[in-house]
Amino acid sequence: MENGKLTAAINYAVKMHGDQRDKGGVIYTEHIFEVAFSCNEKSRVVGILHDVVEDTDETIDDVCAAVPLTREERNALILLTRVNDPEDDLYMTYSDYVKSIADSGNEIAIEVKGKDLMHNMSPERELLGERGEGMFDRHLKALKIISPSD
């Protein structure tokens, strides 16, 4: 992988996420770094960018203008971006969203989502607050969809 592309993705994600914090008050970029650097080299750029569209005002086109992505990386980013508004035509339940990633065959999206779920389930990242209850079970169920054991 080109180091320049990874550097561009890091700089862009840090700028876009700014001083966002997770529900535990931890600076949000710690999460994207944990996810990205637990991925294989091929998936790292998408790992860094995986929450930009979902958690900022940026669009897929904005991301692609800032960081030149391959078609596979762009498709992975699209798959990883969940529409949370039930009124939106692209909205799907969380379970359907996870299944769409698993069924896509996009190795980058599958790996990044799996690493995202594993990091969200880690003890140091216990999600507390208004949606925290039951999140571990939700993530565990999703992880079984993404990475079924044989």
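Predicted model: local features only at pLDDT ≥ 70, side-chain atom pairs only at ≥ 80, totals over all residues.
## Aromatic pairs

A search of the whole structure turns up two aromatic pairs. In one of them, Y94 and Y97, the ring centres are 5.7 Å apart and the planes sit at 45 degrees, so this pair is tilted.

Where do Y94 and Y97 lie? Both belong to helix α7, three residues apart, which is about one turn of the helix. Both Y94 and Y97 are buried.

## Salt bridges between helices

Let us turn to charged side chains. How many salt bridges does the count come to? The total is four. One of them joins the side chains of E73 and K5, with 2.7 Å from N to O. Here E73 comes from helix α6 and K5 from helix α1 (residues 3–17), so the contact ties together parts that are 68 residues apart in sequence. Are these two residues buried or exposed? Both E73 and K5 are buried.

The partner of R74 is D61, and the closest N and O atoms of the two are 3.0 Å apart. D61 has 52% relative accessibility, so D61 counts as exposed. R74 has a relative accessible area of 30% and is therefore partly exposed. The cut-offs explain these words: exposed means over 50%, buried means under 20%, and partly exposed is in between.

Next, look at D116 and K113. Their side chains meet in a salt bridge, with 3.1 Å from N to O. Which helix holds D116 and K113? Both are in helix α8 (residues 107–121), and they are three residues apart, about one turn of the helix. D116 and K113 are both buried.

Which residues form the negative surface patch? They are D85, E87, D88 and D89. The relative accessibility of D85 is 40%, so D85 counts as partly exposed.

## Distances across the chain

Now follow a few residues that are separated along the chain. L77 is part of helix α6, and A109 is part of helix α8. These two are 32 residues apart along the chain, and their C-alpha atoms are separated by 7.0 Å. L77 counts as buried because its relative accessibility is 1%. A109 counts as buried too, because its relative accessibility is 0%. How far is the C-alpha atom of A109 from that of V46? The separation is 7.9 Å, while A109 and V46 are 63 residues apart along the chain.

P148 gives another example. Where is P148 placed? P148 is in the segment after α9 (135–146). With a relative accessible area of 54%, P148 is exposed. P148 and A76 are 72 residues apart along the chain, and 19 Å separates their C-alpha atoms.

Methods:
Residues numbered from 1 in each chain as written. Heavy atoms only, no water. Patch = residues over 30% accessible without salt bridge, like charges linked within 9 Å, V, L, I, M, F, W, Y side chains within 5 Å. Areas by Shrake-Rupley, 256 points an atom, 1.4 Å probe, with all protein chains shown as cover. Lys, Arg positive; Asp, Glu negative; His and termini not counted. Charge placed at Lys NZ, Arg CZ, Asp CG, Glu CD. Buried < 20%, exposed > 50% of the residue type's maximum accessible area, 1.4 Å probe, protein only. Helix = DSSP H or I, 4+ residues; strand = E, 2+ residues; numbered from the N terminus. Phe/Tyr/Trp six-rings, centres within 6.5 Å; stacked < 30°, edge-to-face > 60°.
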